[in-house]
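Subject: Structure handover

Hello,

Please find the structure below. My notes on it follow.

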Amino acid sequence: MSDSPVITQGALEAAHHEHPPYQRHHFETIGQQNDATNFAMWLFLLTEIMFFGGLFTAYLIYRNWYYPAFVAASHQLNIVWGSANTAVLISSSFTMAMGVWCAETRRKSGLVLALVLTFLLGLVFLGIKTIEYSEKIEKHHVPGFHYSIQSFVNPASDPVAAAYGDKPLALDMAGKTELYFFLYFAMTGMHALHMIIGIAILGYMIFRARAGAYTSGHVTFVENFGLYWHFVDIVWIFLFPLLYLISRHQ
Amino acid sequence: MSTTIISLPDQSTARVPKVNYLTKENGLLSWLLTGDHKRIAMLYLISISFFFFIGGALAGLIRLELLTPQSDLMATDTYNKVFSMHGIIMIFFFLVPSVPATLGNFFIPMMLGAKDLALPKVNLLSWYLYVAAGILALYAMSTGGVDTGWTFTTPLSTHYVNTNVITTGLAIFIAGFSSIFTGLNFIVTIHKMRAPGMTWFRMPLFVWAHYAASILMVLGTPVLAIALVLVVLERTVGIGVFDPAKGGDPLLFQHLFWFYSHPAVYIMILPGMGVINEVISTFSRKRVFGYTAVAFSSVAIAVFGFFVWAHHMFIMGVSNYAVLVFSLLTMLVAVPSAIKIFNWAFTLYKGSITFETPMLYSFGFMGLFTIGGLTGVFLGTSGTDIHLTETYFIVAHFHFVMVGGMLMAFLAGLHFWWPKMTGRMYPEKISQLAAVVTFIGFNFTFFPQFVLGTLGMPRRYASYPPEFQILNVFSTAGATILGVGYLLPVLYLTWSLKYGEIAGNNPWQATGLEWQTQSPPLTENFIETPIMDHEAYDYEWLERQKEKEVASVG
């Protein structure tokens, strides 16, 4: 009876000094480590918001200045592919969330499956993006590379513009469509670059997950990557309406 | 009354502790792959000193060229490159990382009672990014340089010059990420790594200042990154976003650039202000007057700092209403800056002041920063700004803040913490001399430039009307003295590594947690996690500690 508190004390101390292997030496507890790395990830995403923020600012200003050009140019985007990509990306966020859940509940095969699905959906997104980009290249809508304003000064010659019943733009306003396409390529390109980085990391994670790396209790990496993936998804959720949708009926 | 507070252990018996962060592991790899914030701080210290002397050599060339009214030492194009590279190297490779990456890196974890920064690998990555960026910048410099000025003003940088804009832009892009990672690491560390009892309002003000600067690094730098990416794209592809011929607007670049680069001056000055808090408090044996006000003034500077960028653009065609608003907001920044200066003055009031080297540098800081800050108000006022902008008045203003302010603070901090970083004292007399020489040289160099600017001498020209020569000769002569003032510390600090007196744990009898452990510290900083049971700058607590020590020895 009198010994038991001492034993409890000793056991507590043993528990305190016994760290899981993935705890870095400079953290007091694993909770502190998880808190710190999560917080760092959120801060990093904040810097990403500021990074994209510069482009969104440019979009806002030039859209206000060159409204007719932005309307006509946005008609050139393919809403079917755009919507498909939105669906693909949201599904990939779902599979990623499932992956985080599997890691937390220590389901190794579930985690691998979720990561593989996310990986594939990411590739599908990039594939569709490639189709869209090649359409732009064919129509000479890539700024800086033999850019052509044919579709905007003479909309009747362009089936897409004709379908929308676009009116011909004056020559100087038609030139401003190049700015729209630049912003389109810069914003979706920067987004695609983030996707490519994400997919590369996913590949590494699949490799590690098969070895059981994230299903032994140490889930911060999967969690933080999940945050990144959702962030990239949310960027698209803003890009899609701004670039594809808001000028549909004008 | 004693004239010094230095208390060193008995030199005949004292030894630098055998086991410390410097001796724990040996070999180049143990440094290049280290996660220890103290070693990374030393790596940074060496690299930023290297870049400081490159930037300084370029400054010397500028002053030599301006010794005579004609452009005779170098061609005017070369002169453009020299001042551009001087600005780029000094700002992105010295001033921005100076105090945070060296002293901040070294002491923030120690002041918080932590074993390391929250993300040691990211910390090391930030140094590698810095080095990569530095090499790229040096490569750009040695293969033709860049002549846009450090501001990369469009359309000059995108359409008119044919120098290494792309390489230099990429170098700064990479250096930016180094800075982001440093700031991010500090914020996470300050939030999550504080020792038990270390509440927000028990942290040293050095940490508060770095917290504010880190917010700016994390939120501002990505905007610079995207602005530079757009410049590179404009140059390579011709995207048109800054090209008026295609409907773009060069002013958009200015907005994006100054959205970072104005807060950047607070990234540069806030950590310096943090150093001054520690030094002033220690050498007047008093708690910093108005601790809370000083803490919040740092955050206020960070917040206001984001809303004043357009005062760099008053003459560039922004609307009159924007000028009005930004002028007013600019005045607001003077308030938290003045809070700091007044509170330091009140800290000195009735303190037991001693004049060790860090204190001399701090006095230099307070005087020169006040002049630099007040002339900033001239420039924030649109009426006077239109007359003074793009003249030497502006050059003098920001050199008073950056060199007179930040560099003085950096040297104050370096001397103050040198005993802790190396375990040895610097030689006191010669370093006091260096502080005085620096102060005199600085004023000789830059005060004439205020006069030159008011008289109308424009900046960024290799030649000038002969009537300005006398003041320029003064300025160049001063720069020579200043150069000596900066060379001296390099010599005697290096000397002190081997021959300096043994410092002991707490030569200044300072209160910070970093002084309550051995010098140089252990890799883990503390033998066991310290518990903070008193306010910052509590000299009574320190007295009681010492009493206890004596009692236990007796």
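Chain A: overall form

Read along the sequence, chain A runs α-α-α-α-α-α-α-α-α-α, that is, 10 helices and 0 strands. Helices (H or I, at least four residues) and strands (E, at least two) are DSSP runs numbered from the N terminus. The radius of gyration of chain A is 25 Å, well over the 18 Å that the globule rule gives for 250 residues, so chain A is more spread out than a compact globule. That radius is taken over C-alpha atoms, and the globule rule is 2.2 Å times the number of residues to the power 0.38.

This is a predicted model, in which local features need pLDDT of at least 70 and side-chain atom pairs count only at pLDDT 80 or more, while totals for chains, interfaces and linings use all residues. Residues are numbered from 1 along each chain as its sequence is written, and chains are lettered from A and ligands numbered from 1 in the order in which they are written.

Along the principal axes, the C-alpha atoms of chain A fill a box of roughly 95 × 35 × 30 Å. Of its 250 residues, 37% count as buried (20 or more other C-beta atoms within 10 Å of the residue's own; exposed means 12 or fewer, partly exposed in between, with C-beta atoms placed from the backbone). Of the contacts in chain A with a separation of 6 or more, 78% are between residues 24 or more positions apart. Two residues are in contact if their C-beta atoms, placed from the backbone, lie within 7 Å.

Where A meets B

In chain A, 27 residues are in contact with 31 residues of chain B. On the chain A side, α2 (30–65) and α9 (177–210) each supply at least two residues. α2(A) gives the most, with 16 residues. By class, this side of chain A has 15 nonpolar, 8 polar and 4 charged residues. Ala, Val, Leu, Ile, Met, Phe, Trp, Tyr, Cys and Pro count as nonpolar, Asp, Glu, Lys and Arg as charged, and the others, Gly among them, as polar.

Chain B: helix packing

Helix α10 (residues 291–305) of chain B has 15 residues, which at 1.5 Å a residue should span 21 Å, and its end C-alpha atoms are 21 Å apart, in agreement. The expected span is 1.5 Å times one less than the number of residues. Buried residues of α10(B) include B:Y291, B:V294, B:I301 and B:F304. The buried residues of this helix pack against α8 (205–236), α9 (250–283) and α11 (320–348) of chain B.

The axes of α8(B) and α10(B) come within 9 Å and cross at roughly 10°. Axes are lines fitted to C-alpha atoms, for helices over the stretch in contact, and angles run from 0 to 180 degrees between N-to-C directions. α8(B) and α10(B) are therefore roughly parallel to each other (angles under 35 degrees). Among the residues that meet are B:W208 and B:I215 in α8(B) and B:Y291 and B:V299 in α10(B). The classes in this contact are 12 nonpolar, 2 polar and no charged residues.

Helices α4 (residues 98–112) and α7 (residues 165–192) of chain B pack at an angle of about 10°, with their axes 11 Å apart. Their contact includes B:P100 and B:I108 of α4(B) and B:F186 of α7(B), and has 7 nonpolar, 3 polar and no charged residues.

One loop residue

B:L33 is found in the loop between α1 (28–32) and α2 (37–65) of chain B. B:L33 is exposed, with 12 other C-beta atoms within 10 Å. The C-alpha atoms of B:L33 and B:L124 are separated by 7.7 Å, although the two are 91 residues apart along the chain.

Regards

Terms used
Angles under 35 degrees count as roughly parallel, over 145 as roughly antiparallel, 65 to 115 as roughly perpendicular and the rest as oblique.
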